Amino acid sequence: MKPAPFDYHAPRQLKDAAELLASLPNARILAGGQSLVPMMNFRYVIADHLIDLGHVEDLRGIAVIDGHLRMGAMMRQHELESSPEVARHCPLLAEALRHVGHRQTRNRGTIGGSLAHADPAAELPAVCLASDAVLHLASVRGLRAVAFRDFPVGYMATALAPDEMIAAVELPIWRLGHGHGFHEFARRHGDFALAGAAALLDIGAGGVVRRAALALFGVAERPVRVDAAEAALLGKAIDRAAIRSAAAAAWLIEPISDIHAGGDYRRHLAQVLSARALGDAARRAGVEI
Amino acid sequence: MAKQATRITVNGKSHARVVEARLTLADFLRHELGLTGTHLGCEHGVCGACTVLLDGRSARSCLMFAVQANGCEITTVEGLSPNGELSVLQQAFMDNHGLQCGFCTPGMLITLTELLRENADPSEQDVREALTGNLCRCTGYAGIVKAALDAARQTRDGSGA
C-alpha cells in the first residue's frame, strides 16, 4: 500500500509543465490525486515522474467569457461547488458536484483531474457531455480545443495525447431560467454510481421544449448522450407522458454488467433516473408536472 | 529528485525535513513527526481515518504526498486539544458514546470540526452527509451523529469553550 519511488516535479508555469510532460519518460500528471494516488498506492500505476500541477496559476480561475463558463482545470471540486458563478450559470454542475466523492476528496479533487481520469461512473464527465462542453488541451505544441463529445474514447481512455493535459473546461451557458436535473443511484452517498442521469431543458411559451439534453453515466464504458430522448422532447409540450416516453429511450442503451449490477438492472435504473432528472429539469424551468 | 526538502507547519509548529517524494503525508505525520493520532486504515482513500485539515480544509492524508504539503499548515487530531483539554466536540464524543474502539475517531473529529466551523447549526442530514467519507466499523454512527449535534448546540448556546 505504498507507492513505488518516483521523482517529483512542481512547475509553476503551464509551459514548464508541458515541457516536463513531453520530455520525461513514464511521467504522469498529478492534479488533485484523489484517483491517481490510490492507484499508485495499489501499484496499478507506477510512474517514474510525477508532475504536480498544484502550483500552476494558469490552470486556475473561473470566468464567464462569450456565453461560456470557463474553469481552469485545477479548480478544486469544492471551489466550484461553492462558486456563485457555477450556481448561477451552470446549476447542473453545482448539483452534480454534491455527488462527487466525499467532502474530503472534493477539497482536493479537481475538475480537470476527474475528466482526464474518465471513470465511466463519474459525475463530471456526464455534466460536460450533457452541456456540450469544450476542453482546452495543452502541450508543448500549444493549445487545442476538443468537443467533450469526442473526448472519452473508451473505458477510462480519452483523446488526450501522451504529452497533453487539460488546461481549461468551458461549459456553454444555457438561457437563464432553464431547468436542470441530476439523479444517480449509489449504494451509499458518495460511492460510485451504478447509474445516473443528467438533464437540461429549456422550455418556452406553452411548455414547449426548445432545447433538451440528457446524458447517462455508469451504464457503459463512457458516458452516453440519449439523442433519441432529446429528439422525442424537442418542439413538444412537456408533461408526464412526454417525459415517460422520452426516458423510455434509455432502454436503447447497451449497459455493462459487473459485480455491482447486472445490465438489465442498469437499464431499468437508466430509465427511472432519466425520468426523474427530466422531471426536475421541467419543474425548475417553471412547468408544473 | 526522489528526495525533496519539505517544510510543513503541523499544529502550529514548523517542521523541515528532507523526505522521499513517495512518502505520504500520513506517513510523514506518523513516522517523521511521531504524531500517531492520525490513523491509517485503508491507505487508498476509502475509510477516512487519516483525515487531517490542510490549510483548514479536510483532506485524506493517505492520498497526498508530504512534498505536496510543502509550505502548508496541517492540523491533526493532536491539534484539536493543544492544551490537553478536550475540545467541545471531543467532550461531546465522550458524553454521547461517540466512540467504541476509537480507530476511526481522529478522522471523524477532523471532518466534524470542519463541518461545525462552516455550519453552526447543521441538521442530522448535514452531519450524516459530511460523515459519508468516514467509516466506523463498530457501527457507532448513532452516537457520533448525536455527539456532533450536541457539540453544535453547546457551541451555539455558548456553554462550550
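**Exercise 1. Determine which residue stands opposite B:Leu54 in β4(B), and describe the hairpin to which the pair belongs.**

Solution.
Step 1. B:Leu54 has B:Arg57 opposite it in β4(B). The model is predicted, so local features require pLDDT of at least 70 and side-chain atom pairs count only at pLDDT 80 or more, while totals for chains, interfaces and linings use all residues. Residues are numbered from 1 along each chain as its sequence is written, and chains are lettered from A and ligands numbered from 1 in the order in which they are written.
Step 2. Strand β3 (residues 51-54) and strand β4 (residues 57-60) of chain B are joined by 4 bridges in the antiparallel sense. Strands (E, at least two residues) and helices (H or I, at least four) are DSSP runs numbered from the N terminus; two strands pair if DSSP finds at least two bridges between them.
Step 3. The hairpin formed by β3(B) and β4(B) has 2 residues between the strands. In the turn, B:Asp55 has a positive phi of about 45°.

**Exercise 2. State how many residues each domain of chain B gives to the contact between domain 1 and domain 2, and characterise the side of domain 1.**

Solution.
Step 1. Domain 1 of chain B spans 3-80 and domain 2 spans 88-157; such bounds come from an automatic or database domain assignment. Taken over C-alpha atoms, the centres of the two domains of chain B are separated by 22 Å.
Step 2. Domain 1 of chain B gives 15 residues to the contact and domain 2 of chain B gives 13 residues. Residues are in contact if their C-beta atoms, placed from the backbone, lie within 7 Å.
Step 3. On the side of domain 1 of chain B that touches domain 2 of chain B, the elements giving two or more residues are β3 and β4 of chain B. The largest share of this side, 3 residues, is that of β3(B).
Step 4. By class, this side of domain 1 of chain B holds 7 nonpolar, 7 polar and 1 charged. Here Ala, Val, Leu, Ile, Met, Phe, Trp, Tyr, Cys and Pro count as nonpolar, Asp, Glu, Lys and Arg as charged, and the others, Gly among them, as polar.

**Exercise 3. Identify the element with the largest share of the side of chain B that touches chain A.**

Solution.
Step 1. The contact takes 25 residues from chain B and 24 residues from chain A.
Step 2. At least two residues of the chain B side are supplied by each of β4 and α4 (124-130) of chain B. The largest share, 4 residues, comes from β4(B).
Step 3. The side of chain B that touches chain A comprises 9 nonpolar, 10 polar and 6 charged residues.

**Exercise 4. Give the strand order of the open sheet of 5 strands in chain A and explain why one side of β4 and of β7 is left without a neighbour.**

Solution.
Step 1. The order is β4-β5-β10-β6-β7 (chain A), with antiparallel pairing.
Step 2. β4 (62-65) and β7 (142-147) of chain A are at the edges and have a single partner strand each, so one side of each lacks a neighbour in the sheet.
Step 3. Strand β6 (residues 134-139) of chain A pairs with β7(A) over 6 bridges, and A:Leu137 has A:Arg144 in β7(A) as its bridge partner.
Step 4. Helix α1 (residues 14-23) of chain A lies across β6 and β10 (165-172) of chain A, at about 70° to β6(A). Axes are lines fitted to C-alpha atoms, for helices over the stretch in contact, with angles from 0 to 180 degrees between N-to-C directions.

Technical notes. Contact = placed C-beta atoms within 7 Å.
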